[in-house]
Every structure is written in C-alpha cells, then in structure tokens.
Amino acid sequence: MKFIHKYGSPKRFYALAGRLVPWFAGITAILLVSGLYLGLYWAPPDYQQGDAYRIMFIHVPNAWMSMMAYTVMAVYAAIGYIWNIRLADILAKVTAPLGASFTLTALVTGSIWGEPMWGTWWVWDARLTSELILFFLYIGYMALQASIDDDRRAAHASAILAIVGVVNIPIIHYSVYWWHTLHQSASISLTSQPKIYATMLIPLVVMSLAFTFFYFTMLCVRARTEILWRERHTDWVRKLLEAKS
Amino acid sequence: MSYGMFAAMRAVFSRELLVFWRRSTEIMTALVFFIMVTTLFPLAIGPERHELMLVAPGVLWVGALLATTLSLNHLFASDYQDGSLEQLLMSPYPLSALVLSKIAAHWVLTGLPLALLSPLLAIQMALPMKAVGTLVGSLLLGTPILSLIGAVPAALTLGVRGGGVLVSLLVLPLYTPVLIFGAEAVAASAGQGFASVAHLSLLGAFLALALSFAPWASSAALRVSLD
Amino acid sequence: MTWSQFLAMGGFGAYVWSAYGFAAIMVAINIAQPLMQKRKVWTRLRRNLDRAGEDE
C-alpha cells in the first residue's frame, strides 16, 4: 500500500517515467526493426496465402494490444475510482487514444487483408466485427471524457463506463462469434487463418512485444504531459519551469 | 409517516407513470419512430414479400432498439433539471432500488408498448405468422434489458454537452448482444435457422444479469453526476 | 531475393505495403501528437509563469 502511495504521487511518477522513456523507446526500436526483418524477410511465404499473410504480423499484434489496452484502461480507471488515486485516473485517460489507434490499425489492416483473400473490402468476420464494436467503446470513452469539464467527475464517470465496457466485452465477443458461425455458409473468416508454424510465431511474438513497449513508451510521454498540466499550480511544477527557463 | 423500502419503490414507480401520462408526447416519440422505420423500409426495399421477409426480423429489432435509444433521454434528464433527482439521492432508501423503479416505469412506458405494437408492424414487414409470437416474446425480454443497460450512459451524461448524441454512441456497443440474439430468435422462428428457444433463454439470462448489475451501476453513475 | 522481388511480395505488394504503411502512419501520429502536445503545454505554462512574474 505504501509502495502505491509512494509512486501514486504524480510528482514521483513524473520523474520515474522521465527516466524510463529512453529505455522503453530503445527497446521498442530494437524489437520493431527485428520484427520487421523477421516478418517481411525471414519468414517464408505461406503455402495458401503467399506473401499476403505477412499482413498478419501487423494485424494480430494490434488486435491483441487493442484488447489488452482496454482491459488495462479499465483496471487503471477502477483503481482510480475506488481508491481515489489521481495517477490511476491519468493513466486510464491517456491509454484510451493509444488503444483506439491499435483498434483502428487492426480494423484497417484486417480489411486490407480481406481484399486479396476473399475479394471484399469489408468482411463481417467475427474478429473484425468485435474490433469494430471495441472501437466504438473506445470512442465513447474518449467522447465522455472530453465532454465533462471537471477532471474528477470525468475520471469517475468514464471509470464506470470502462468497467461496464470491460464486463460486456466477453459477452459481446461470444455473441459476435456465435452470430458469425450461424451465418457462415461459404464464407471463410480471418479466424480460420493459416496454420501457425514456428516461423510465423516468432515474428508474431516479436511484433507483439514491440507494440507493447511502444504502448509503455507513449503512455509515459502522454502521462507526463497530463501530469504537468493538472499539477500546474503546485510548487514542484513551478520549480521545474523556473529551472528550465 | 414513514415508508418501507418496497412502498418507496412503488411510490417512485407510480409517480413516474403519472408524470409521463401528463407528458404523453414523450411516449409517442418512441412508438412513432418504430412505426416510421417499419413503414419506410418496405418503401425503400420494394413490396416483394420474399425480400421483406428476409430482413423483417432485423428491421423490426433495429427499429425497436433505436426507438428505445431515443427514449433514454427521458429517463433521468427532466428530473435532473427540476431537481427531483437530487431529492431521490438524498432519500434514506437504497438508491439502486429506487433507480430500478424508475427504469421499470420507463420500460412500461416505452419498451412494453413497442412489444405490444410489434405484431401490427410485423404484418407490414411480411413476417410469417408463426414468428410473431417469438417477436413479441423477444421484445418483451429484450426491451427491459435495453432500458436497464441504457440507464448507465443516461446517468453518466446528465447535464453534459451533446448528451443526447453521446448516449447513443455509448449505448451502441453494449446493445449489440441483445440485438444479435433478439433478431436471431425471430429469424429462427421464421424458419431461417434452428430453434428459437435457445436464443430466448439466453435473452432471459441477459435479463437476469442486467437486473443484478444495472441498477447498481446506474446509481453509482448518478452519484458521480450529481456530486 | 532482389529488391524488386521483395517489393512485389509475390504479387500482393500493394496490399502488404499499404497495410504496413498504414501502421507506420499510425505509429508516427502516436509519436508526433503527444510530443506536440507536450511542447504546447510547456509553452503555455512558461507563458503563465512569465505573466505571473510581471504582476509582482
């Protein structure tokens, strides 16, 4: 508990995050470059889909991240709401645009992948449909935050929304998958994707880690800016500004 | 004179009905919208019965869903504006119970009429007779869920800029499971899939879930909005 | 493998590269936007500080 209160202070987090950003950024860069090499060059073409399957190395990590980010956001928000920890509120708020970006990327790359495979630009595939709904959940969260002026009310209101959302996600997932199998008929889905071989798994994992560390990097950057703004009337921020001027 | 909790719930419920009766135009909005949707679709798609039959379950359900979404603004907003909502929060009774009464009244005034009107509109959409029973049943199960789930975003957006549109955006993802199973139940009865009993029981399960979760979540949301 | 073979991606070049390209744009936006926001906040805070100093 003491640990949380120690790093729960925005001032402490500001300093800590500042030190972490270069490390996270460096790790992200290394992982990204290796992942791209592995995915675009090292992994051999797929038996069925040729080179088109390489889109998977962008689509799948972003889809995973979009889900993870929402869960993480809901957890931060719940912590902030239940125990009144402002830092948690800030981390939740700042995670949302990142999560929405991951979702959008997953949607667009999924759509692009669908065209050469099944000849249509949009496939009402179970996963893509779930992603679309998730995108709306993110946009709703951000819209709610933006429409309430008071920071505390905004944080608590969106916390309730995020919690309701996260509880509903498994239900939505299940409903959409069920809906899709019911209407499957001749259509194939992205979920019945090429069998995963080891050569595919490695770039997939590397790219997923790359996007994870990208998330951490930009989380820290955004959180620091947000903290600076919210704490602008405090002494420590004033001192910081004077030192930098 | 002091009320017990159930008496208080009943008081809230009857007050809701009374107030709404005086503002009957608000009830009409949802119904009129529902009628409009089912009238416009055949005009847009064409009178070919076979085509209408295929889309009927979906169109009817989407119409009911959108009509309910429109009506969510009446749930808390007017009471918020005239201060009676705050009174409710300050009363000694558990807020979740009182909120449940409000939601129940809302459903009696919007969802229930929609469900009862649906057989007539089903005829317009060329829905086979055998599916009409399931249509009414699915709406009777589904619209309370919509009212319950919808109460949370309605409570969160009180007094907020662009509240009306925002509620629709917030509620859309949460409504999709109900829509999927509601429409499927009707389609199954119309002979396009397998037995609708499974879908209806799942809707029943959703209803039970919503009944246990939503009053609590919306009262938390009300407290956040009214602090 | 030659450069042109790599770019062609077995005939799917347009799809693969537009997908990776979109992802690259999203990453770039997610780097640029927070950094711009950071600069904006700093400038504004510094201006407030200067203005507060003038009042004294």
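**Group meeting: chain contacts and helix packing**

Asn84(A) counts as exposed, because 12 C-beta neighbours lie inside 10 Å. The cut-offs are these: a residue is buried if 20 or more other C-beta atoms lie within 10 Å of its own, exposed if 12 or fewer, and partly exposed in between, with C-beta atoms placed from the backbone.

Some conventions before I go on. This is a predicted model, in which local features need pLDDT of at least 70 and side-chain atom pairs count only at pLDDT 80 or more, while totals for chains, interfaces and linings use all residues. Residues are numbered from 1 along each chain as its sequence is written, and chains are lettered from A and ligands numbered from 1 in the order in which they are written.

Back to Asn84(A). The residue sits in the loop between helix H3 (56-83) and helix H4 (86-118) of chain A; helices (H or I, at least four residues) and strands (E, at least two) are DSSP runs, numbered from the N terminus. As background, most residues other than glycine have a negative phi, and most peptide bonds are trans. The helix that Asn84(A) follows is H3(A). How far apart are the end C-alpha atoms of H3(A)? They are 40 Å apart, which agrees with the 40 Å that its 28 residues should span at 1.5 Å a residue. The expected span of a helix is 1.5 Å times one less than its number of residues.

Ala126(B) has a positive phi of about 60° although it is not a glycine. Ala126(B) is in the loop between helix H7 (111-124) and H8 of chain B. With 18 C-beta neighbours inside 10 Å, Ala126(B) counts as partly exposed.

Next, the chain contacts. Two residues are in contact if their C-beta atoms, placed from the backbone, lie within 7 Å. Of the two pairs of chains in contact, chains A and C share the most contacts. That contact takes 27 residues from chain A and 22 residues from chain C. On the chain A side, H4 and helix H7 (198-230) each supply at least two residues, and H4(A) gives the most, with ten residues. By class, this side of chain A has 16 nonpolar, six polar and five charged residues. Here Ala, Val, Leu, Ile, Met, Phe, Trp, Tyr, Cys and Pro count as nonpolar, Asp, Glu, Lys and Arg as charged, and the others, Gly among them, as polar.

In the other pair, 23 residues of chain B are in contact with 21 residues of chain A. Helix H8 (129-156), helix H9 (163-192) and helix H10 (197-226) of chain B each supply at least two residues of the chain B side. H9(B) gives the most to that side, with eleven residues. The chain B side divides into 16 nonpolar, four polar and three charged residues. Chain B and chain C do not touch, and their nearest C-alpha atoms are 24 Å apart.

Now the packing inside chain B. Two packed helices are described by the angle between their axes and the distance between the axes. Axes are lines fitted to C-alpha atoms, for helices over the stretch in contact, and angles run from 0 to 180 degrees between N-to-C directions. Helix H3 (residues 49-71) of chain B packs on H8(B) at about 30°, with the axes 10 Å apart. H3(B) and H8(B) are therefore roughly parallel; angles under 35 degrees count as roughly parallel, over 145 as roughly antiparallel, 65 to 115 as roughly perpendicular and the rest as oblique. The residues of this contact include Leu60(B) and Thr68(B) of H3(B) and Leu139(B) of H8(B). They divide into six nonpolar, five polar and no charged.

Against H7(B), H3(B) packs at an angle of about 150°, with the axes 11 Å apart. That makes H3(B) roughly antiparallel to H7(B). Leu60(B) and Thr68(B) of H3(B) are again among the contact residues, with Leu114(B) and Leu121(B) among those of H7(B). The residues of this contact divide into seven nonpolar, three polar and no charged.

Last, Ser212(B), which is in helix H10 of chain B. Is Ser212(B) buried or exposed? It is exposed, with 10 other C-beta atoms within 10 Å. Ser212(B) and Ser96(B) are 116 residues apart in sequence and 9.9 Å apart in space, C-alpha to C-alpha.
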